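I set out to record what I looked up in this model.

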Amino acid sequence: MVKKIYLILLFVLCYIPSKSQEKPIIKSSPKLVIGIVVDQMRYDYVTRFYDRFGNGGFKRMINEGFNCKNNHFNYVPTYTGPGHASVYTGTTPQNHGIISNNWYDKFGKEKVYCAGDSTVSAVGSDSKLERMSPHRMKTTTVADQNRLHTQLKGKTIGVAIKDRGAILPAGHSANGAYWFRGKDEGNWITSTYYRNELPDWVKQFNDSDKAESYLKVWNTLYDIKTYTESGVDQNKFEGGFKGKEVATFPYDLAKLKDQNSGFDIIKSSPFGNSLTTDFAIAAIAGEQLGADEITDFLTVSYSSTDYVGHNFGVNSKEIQDTYLRLDKDLERFFNVLDAKVGKGKYTVFLTADHGAVHVPSYLQSVKIPAGYFDTDTFVKKIKMFVKEEFRAEGLIENISNNQIFFNYEILRKNKIMPEDLQKAIAHFVLQEDQVDKVFTRNQLENTEYSSGIAALIQKGYNQKRSGDVVVVLDPATISYSKTGSTHGSGLPYDTHAPLLFFGHGIKKGSTTQKTYIPDIAPTVSAMLGISFPNGTTGDVLSFVLE
């Protein structure tokens with residue numbers, strides 16, 4: 001009996017493969033990763049317009065992919081430059097250094113632009129205003145890491161109407177980044193940072209006069225009476241276009257273009273998103289993206305949603321129509337990816353660079369606390385207070401982006417301790433109406449905040465580039481015109497952004513667990529099996545991945 005059992009066990013063991021015989025399971029990577037950032041997209045646009053969307057755009061991503069419903073920015077300020085950089089670097093302005101769209105450079109004593117670079121020139125335009133590169137971004141992006149991992153064989157192309165929306169996501173090592181030069185040109189351009197001449201496919205696209213074809217009448221996609229998810233068409237909370245007395249549909253863009261900076265009028269209409277989709281599709285063919293087994297990256301930013309939001313506000317018929325049309329553009333884009341790259345062979349993520357506040361004058365009209373902050377008067381008050389309190393001129397070098405910068409040379413000459421000036425200004429500013437909180441450099445450098453607005457400010461505070469005092473305004477209080485929406489705060493209307501994944505390597509499902517913008521890059525990196533961007537502070541969202 002014992003011998004029989006022994007023989008049975010021996011027989012079984014002989015058929016159990018050893019570890020050396022097992023073949024490791026290595027999941028293939030997608031042929032193409034497409035990162036989509038929708039500029040100024042609040043999360044509630046997904047839910048508010050959901051019933052009006054078709055099945056091939058936003059709904060396809062939600063139904064076939066994974067929806068992170070409680071996704072937030074975890075820093076301040078919520079602007080376009082920092083937003084795009086944070087999505088792709090997996091960290092915050094504290095580390096990647098893009099602290100705003102524009103900021104005061106206290107070492108160069110000048111205002112700088114997040115993508116500006118005086119050492120390069122425009123390609124495809126003679127404008128001296130289009131000298132752009134990612135050189136101010138201090139860390140790598142997930143696209144950079146893919147380039148390094150594939151020995152530069154995997155391509156990266158960045159596309160957006162806005163230069164910063166194309167340049168920052170694509171990273172430092174991109175094969176190309178292209179943005180739209182409006183005015184009297186209407187062309188897609190780049191800079192000598194990437195190449196000295198436009199590739200043939202871009203020249204052909206520009207020669208096709210595709211941009212000119214969108215200088216047409218913008219009316220609602222569907223009967224305007226069915227747009228019940230937005231406010232009335234005629235109201236006092238919208239900007240509109242020069243040359244048209246009332247901001248109501250329809251808008252004849254061809255007729256209005258001369259009074260609205262020529263081709264730039266396309267940017268402030270949903271047709272800017274359509275033009276971006278056209279160009280992204282041309283890039284797939286022109287650069288042969290996703291044509292082999294080595295993973296390529298295509299970063300696409302839809303900028304026109306931001307222009308429309310700033311002009312008309314988050315509750316406008318114009319913003320609703322823009323999102324219904326964007327849904328159609330996404331469907332068209334995904335259909336091309338299915339045909340060119342193949343279903344299940346590409347991965348897409350979609351998020352935003354920030355949200356937006358309801359127009360404060362509208363909020364006031366429905367008795368919700370909101371307001372407008374007079375920055376010019378505020379600056380004068382601070383400078384006068386400092387002069388009288390410390391008996392010295394020029395102690396304040398700059399006030400911008402809700403930050404106050406000191407002139408340390410004048411402080412030394414007058415034997416004034418920076419901490420004393422910080423405390424005095426903080427106490428004075430906190431007495432101002434519409435100011436909610438104030439933080440000093442000393443606080444942000446010597447205290448570790450784990451929650452609340454203080455933690456968000458700290459993650460957006462770059463020790464070398466940021467100011468000495470940071471001012472926080474009351475909720476829904478902005479320094480802006482009384483028409484249209486804006487953004488920049490650490491409040492949910494600015495921080496709550498969509499995060500959708502779908503395609504290769506992505507589970508189907510959803511979560512209300514809190515996720516953060518810097519989690520995107522490490523999650524995509526983990527899916528690809530590549531190193532994380534070198535400044536990453538976010539976490540891998542393992543529940544999203546198969």
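The entries below follow that order.

**Basis.** I worked from a predicted model, in which local features need pLDDT of at least 70 and side-chain atom pairs count only at pLDDT 80 or more, while totals for chains, interfaces and linings use all residues. I numbered residues from 1 along each chain as its sequence is written, and side-chain values use heavy atoms, with hydrogens and water left out.

**Confidence.** I checked pLDDT, the predictor's confidence in each residue from 0 to 100. The average for the protein is 95, and 95% of the residues score at least 70. Over residues 1-26 the pLDDT is below 50, and this stretch has two contacts in the model beyond near neighbours in sequence (contact: heavy atoms within 4.5 Å). Where pLDDT is low, predicted coordinates should not be read in detail.

**Sheet.** I took helices (H or I, at least four residues) and strands (E, at least two) as DSSP runs, numbered from the N terminus; two strands pair if DSSP finds at least two bridges between them. I noted an open sheet of four strands in the order S14-S15-S17-S16, paired antiparallel. Strands S14 (396-400) and S16 (435-440) are at the edges with a single partner strand each, so one side of each has no neighbour in the sheet. The twist averages 15 degrees from one strand to the next. I found four bridges joining S14 to S15 (residues 403-406), and Ile399 stands opposite Ile404 in S15.

**Helices on the sheet.** I read angles from 0 to 180 degrees between N-to-C directions, with axes as lines fitted to C-alpha atoms, for helices over the stretch in contact. Helix H18 (residues 418-430) lies across S14, S15, S16 and S17 (469-473), at about 175 degrees to S16. Helix H20 (residues 452-459) lies across S16 and S17, at about 50 degrees to S16.

**Pockets.** I searched a 1 Å grid over the protein atoms alone; a pocket is an open set of points where a 1.4 Å probe fits, with protein on both sides within 12 Å along at least five of seven lines, and lining residues have an atom within 4 Å of a point. The largest pocket holds about 1100 Å³ of space. I listed 49 lining residues, with Tyr79, Asn401, Asn402, His487 and Gly488 nearest its centre. S17 gives the largest share of this lining, four residues.

The second largest pocket has a volume of about 630 Å³. Of its 25 lining residues, Lys183, Asp264, Lys267, Ser268 and Tyr307 are closest to the centre. H13 gives the largest share of that lining, four residues.

Key: Grid points are joined across faces, edges and corners, and a volume is the space filled by probe spheres set on the points.
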